[in-house]
There are 2 protein chains.
Amino acid sequence: MSKKFVQEITAMDQDFARWYTDVVLRAELVDYSGIKGCMIIKPYGYRIWELIQQQLDARFKETGHENVYMPLFIPESLLQKEAEHVAGFAPEVAWVTHGGNEKLTERLCVRPTSEAVFCDHYAKTIQSYNDLPKLYNQWCSVVRWEKTTRPFLRTTEFLWQEGHTAHATAEEAAKEALDMLEIYANFCAEVLAIPVLKGRKTEKEKFAGAKVTYTIEALMHDGQALQSGTTHDFGDGFARAFGIQYTDKDNTLKYVYQTSWGVSTRLIGGLIMVHGDDRGLVLPPRVAPIQVMIIPIGTNRPGVLEKAEELKTLLKDKVRVDLDASSKSPGWKFNEYEMKGVPLRIEIGPRDLEQNQVTVVRRDNSEKIQVPLDKVVEQVVAILEDVQKSLLEKATKARDEKTFSATSLEELASILKETPGFIKAMWCGSRECEEKIKEETGATSRCIPFEQEKISDRCVCCGEEAKEMVYWGRAY
Amino acid sequence: MSKKFVQEITAMDQDFARWYTDVVLRAELVDYSGIKGCMIIKPYGYRIWELIQQQLDARFKETGHENVYMPLFIPESLLQKEAEHVAGFAPEVAWVTHGGNEKLTERLCVRPTSEAVFCDHYAKTIQSYNDLPKLYNQWCSVVRWEKTTRPFLRTTEFLWQEGHTAHATAEEAAKEALDMLEIYANFCAEVLAIPVLKGRKTEKEKFAGAKVTYTIEALMHDGQALQSGTTHDFGDGFARAFGIQYTDKDNTLKYVYQTSWGVSTRLIGGLIMVHGDDRGLVLPPRVAPIQVMIIPIGTNRPGVLEKAEELKTLLKDKVRVDLDASSKSPGWKFNEYEMKGVPLRIEIGPRDLEQNQVTVVRRDNSEKIQVPLDKVVEQVVAILEDVQKSLLEKATKARDEKTFSATSLEELASILKETPGFIKAMWCGSRECEEKIKEETGATSRCIPFEQEKISDRCVCCGEEAKEMVYWGRAY
């Protein structure tokens with residue numbers, strides 16, 4: 001019975017990309033739309049996003065950030081104000097040319113990111129040091145015209161949050177970009193149970209218009225990296241391009257210093273590829289739409305359904321609980337909710353009733369735990385906490401096991417081929433070497449980690465004196 | 001002192017439209033953007049929207065609705081599937097013609113509403129009666145190319161929720177459209193403190209593609225109506241156009257029956273124009289970003305600031321409270337938070353400290369209440385509840401006082417001129433009369449109310465036999 005359902009999705013080892021697609025569809029996270037590259041986020045997938053939003057938004061608000069909403073459209077002339085920025089984004093934007101039946105005098109792009117509109121607003125509204133800092137964030141959708149798309153990982157339209165802040169000094173902006181990276185990293189660890197590397201992007205990989213881009217990088221089951229969030233320190237580059245000045249206490253006009261930072265529905269892709277297994281999705285309790293599914297066994301036996309209902313009532317103030325009292329077989333239900341990554345199921349049948357207990361089964365490690373009925377609430381809460389913790393530990397162990405070092409290009413290439421993962425290697429800092437490494441191995445620089453190690457003295461590529469250690473890897 | 005600040009905004013009686021604009025800008029709800037017809041929703045305005053969202057979303061979820069996210073773009077061919085629908089919306093959509101540097105083979109419109117994409121999804125995914133009902137909702141932004149725009153009331157882009165449901169029977173869909181109208185009406189009364197009329201739209205005023213459109217209509221201070229939310233019963237019209245069929249229990253193929261329903265950031269415009277006054281915004285506590293503002297008096301006197309901080313700590317688990325300990329004068333602060341519609345302010349000075357009390361001042365009626373320090377939490381909570389209740393009573397009284405009856409077109413016109421408001425009048429049901437009334441008086445049919453009265457036997461316009469009573473009025 002169990003076999004049959006397992007066959008519904010491709011095995012990870014057999015074809016990881018197909019496994020991924022099978023899971024997102026079969027767990028009812030998304031559906032394809034008729035619009036090329038745009039996904040439909042279904043209720044179960046959207047609920048995960050809502051849980052991510054709520055918990056991330058609370059962290060933003062705690063640290064003094066305020067939500068706003070900026071226009072969806074950016075006039076072409078506004079997008080062009082910052083040269084690097086427009087060069088980076090113009091090739092991949094959707095252009096609105098007509099409103100109703102009339103041709104527009106100026107094309108509008110559908111926002112691929114909103115630096116330009118925030119900067120325009122800041123230029124008009126920031127006057128004095130009293131107006132600083134501005135700590136704005138918005139939750140919205142953005143559009144980037146992608147050629148190859150995959151649900152959550154790369155889609156033409158996606159949902160995200162974008163923070164945009166303006167500060168009086170370069171130091172404050174630099175600190176903000178680092179503080180927000182820390183918030184992202186903690187959120188990934190504590191809520192998504194995903195361990196991430198923190199570091200700086202190379203010049204080649206940084207955001208169009210940024211002085212420095214910081215990143216959090218996660219490692220997927222298949223050894224590929226997922227850039228999971230970035231924060232950018234703009235210095236005063238955008239301020240100079242958009243003319244954002246304030247009168248300081250000393251009565252002189254100064255440019256502001258800015259940051260931006262964002263995470264997106266891509267995090268859901270990360271969740272799937274870090275925790276999932278051959279039976280489907282595995283969700284950390286903090287982002288699980290249903291944390292506990294109660295499955296009555298032998299629903300025709302007296303008292304079973306009543307007890308299951310009672311249990312649901314008992315649990316529902318403490319956890320997100322549901323009861324499947326449908327006529328489908330227990331076996332079907334076990335597989336269905338395993339596929340959907342529900343962290344715990346509670347089996348309750350006539351024998352359990354006799355013994356005044358229920359059977360709690362963990363999705364993450366299949367452990368079965370007998371729990372006395374009078375202790376079920378506290379135990380379920382405790383088990384969920386343990387699941388959350390275990391998932392992070394398991395993911396950290398898996399990541400560490402797939403993290404290697406290389407001291408030559410050959411070694412780097414061979415590791416990537418044999419045991420894909422993160423590869424620590426020294427770098428001279430030149431763009432040439434970075435490009436050569438990509439060309440020859442397919443690996444990109446994921447980040448220059450804050451925690452540096454000295455693997456050797458020499459650049460892994462050219463053998464010249466090394467400046468920094470870099471994490472390399474193939475990436476989504 | 002108070003005079004001076006009051007002069008900052010235009011008096012309502014002098015110029016209501018300017019008063020409105022002054023309030024939305026001065027209370028920092030919105031700002032104009034460089035993009036024609038698009039507004040920037042600033043933190044204070046967006047926080048009101050978040051509070052609306054949270055409380056409305058909870059009501060949707062309680063009644064079994066699930067959130068999803070559908071693509072922003074609708075291919076032209078998809079929009080064209082339902083004839084009335086495309087005729088209604090095509091003239092006011094924004095068209096995307098280019099993606100990156102390439103011209104698209106088919107134009108995409110930026111969604112003005114999402115019936116077409118939901119129908120397309122339903123056609124692909126609904127197979128059997130087991131798949132019904134589908135009770136989906138999404139929170140998103142939509143775009144309608146408007147010529148004349150005003151913040152919140154009519155903008156090219158606005159935020160809203162759109163529910164889209166599919167049912168097995170006509171009766172179920174009819175019930176859903178009415179149930180959702182009831183949820184909207186209750187939400188307006190209980191949360192926004194806005195009393196609304198409930199009724200049906202005439203054929204002329206109904207949604208493009210609907211069988212029946214229901215509406216909630218509110219009355220603004222200036223006697224103009226605001227359509228505040230609508231629900232639509234589509235019958236099987238969209239299902240036939242998009243081919244949405246399911247296999248019923250009797251093994252025959254049947255079309256589904258559908259509804260859609262929406263409210264938008266327009267509700268914030270309603271809040272302003274129903275409750276506001278010459279000193280600015282007046283917010284019902286349930287949607288007030290700050291419910292209580294603590295203003296210390298004589299901050300240099302020992303103990304005052306400490307006590308104010310203590311008070312904030314005491315209150316913050318029960319209400320949304322803030323403390324303005326800045327160096328600005330108490331007079332400036334009083335006016336500022338009155339402008340922003342904060343329901344209660346608490347003044348705390350040396351004299352209050354001596355007497356172990358604080359002074360609570362209500363924004364809605366300026367009442368000053370002395371509250372002993374040891375009862376401050378329970379009393380503040382109670383006063384906030386009373387404010388919420390009073391605002392609804394006051395708004396209902398104002399609406400009723402501005403509701404009139406007319407039995408002739410002349411009377412209707414004269415009332416609208418002298419004392420604008422809702423006018424109850426009988427109608428024969430003909431489109432000609434509806435159009436003539438609009439032409440001669442500027443009034444449109446707001447709704448055919450569920451609660452019918454018999455004003456006379458004859459149509460207010462043609463004098464023929466009357467079918468129904470209609471509420472008429474000028475509208476935003």
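Which strands of chain B does helix α13 lie across? In this predicted model, helix α13 (residues 376-401) of chain B lies across β15, β17, β18 and β19 of chain B. Helix α13 of chain B runs at about 10 degrees to β18(B).

These strands belong to an open sheet of 5 strands in chain B, with the order β16-β15-β17-β18-β19 and mixed pairing. Its edge strands, each pairing on one side only, are β16 (321-323) and β19 (368-372) of chain B. On average, and ignoring direction, neighbouring strands of the sheet are turned by 25 degrees against each other. Within the sheet, strand β15 (residues 292-296) and strand β17 (residues 344-348) of chain B are paired in the parallel sense over 5 bridges. In this pair, B:Met293 stands opposite B:Arg345 in β17(B). Another helix, α10 (residues 304-315) of chain B, also packs on the sheet, where it touches β15, β16, β17 and β18 (357-362) of chain B. The direction of helix α10 of chain B makes about 165 degrees with that of β15(B).

Further along chain B is a pair of helices. The axes of α14 (residues 409-418) and α15 (residues 431-441) of chain B come within 10 Å and cross at roughly 45 degrees. α14(B) and α15(B) are therefore oblique to each other, and their crossing is right-handed. On the side of α14(B), the residues that meet α15(B) are B:Leu409, B:Leu412, B:Ala413 and B:Leu416. Their partners in α15(B) are B:Ile437, B:Glu440 and B:Thr441. The residues of this contact comprise 5 nonpolar, 1 polar and 1 charged.

Now to the relation between the chains.

Where the chains meet, 42 residues of chain A are in contact with 42 residues of chain B. Among the elements giving two or more residues to chain A's side are α3 (43-62), α6 (115-125), β7 (134-143) and β8 (157-167) of chain A. The largest share of that side, 6 residues, comes from β5(A). By class, the side of chain A that touches chain B has 24 nonpolar, 11 polar and 7 charged residues. 100% of the interface residues of chain A are also interface residues in chain B, so the copies meet through the same surface.

Strand pairing also links the two chains: β5(A) and strand β5 (residues 94-99) of chain B run antiparallel and are joined by 5 bridges. Here A:Ala94 stands opposite B:Gly99 in β5(B).

Notes: Residues are numbered from 1 along each chain as its sequence is written. Chains are lettered from A and ligands numbered from 1 in the order in which they are written. This is a predicted model: local features need pLDDT of at least 70, side-chain atom pairs count only at pLDDT 80 or more; totals for chains, interfaces and linings use all residues. Axes are lines fitted to C-alpha atoms, for helices over the stretch in contact, and angles run from 0 to 180 degrees between N-to-C directions. Helices (H or I, at least four residues) and strands (E, at least two) are DSSP runs, numbered from the N terminus. Angles under 35 degrees count as roughly parallel, over 145 as roughly antiparallel, 65 to 115 as roughly perpendicular and the rest as oblique. A crossing is left-handed if the near helix is turned anticlockwise from the far one by less than a right angle, and right-handed if clockwise. Two residues are in contact if their C-beta atoms, placed from the backbone, lie within 7 Å. Ala, Val, Leu, Ile, Met, Phe, Trp, Tyr, Cys and Pro count as nonpolar, Asp, Glu, Lys and Arg as charged, and the others, Gly among them, as polar. Two strands pair if DSSP finds at least two bridges between them.
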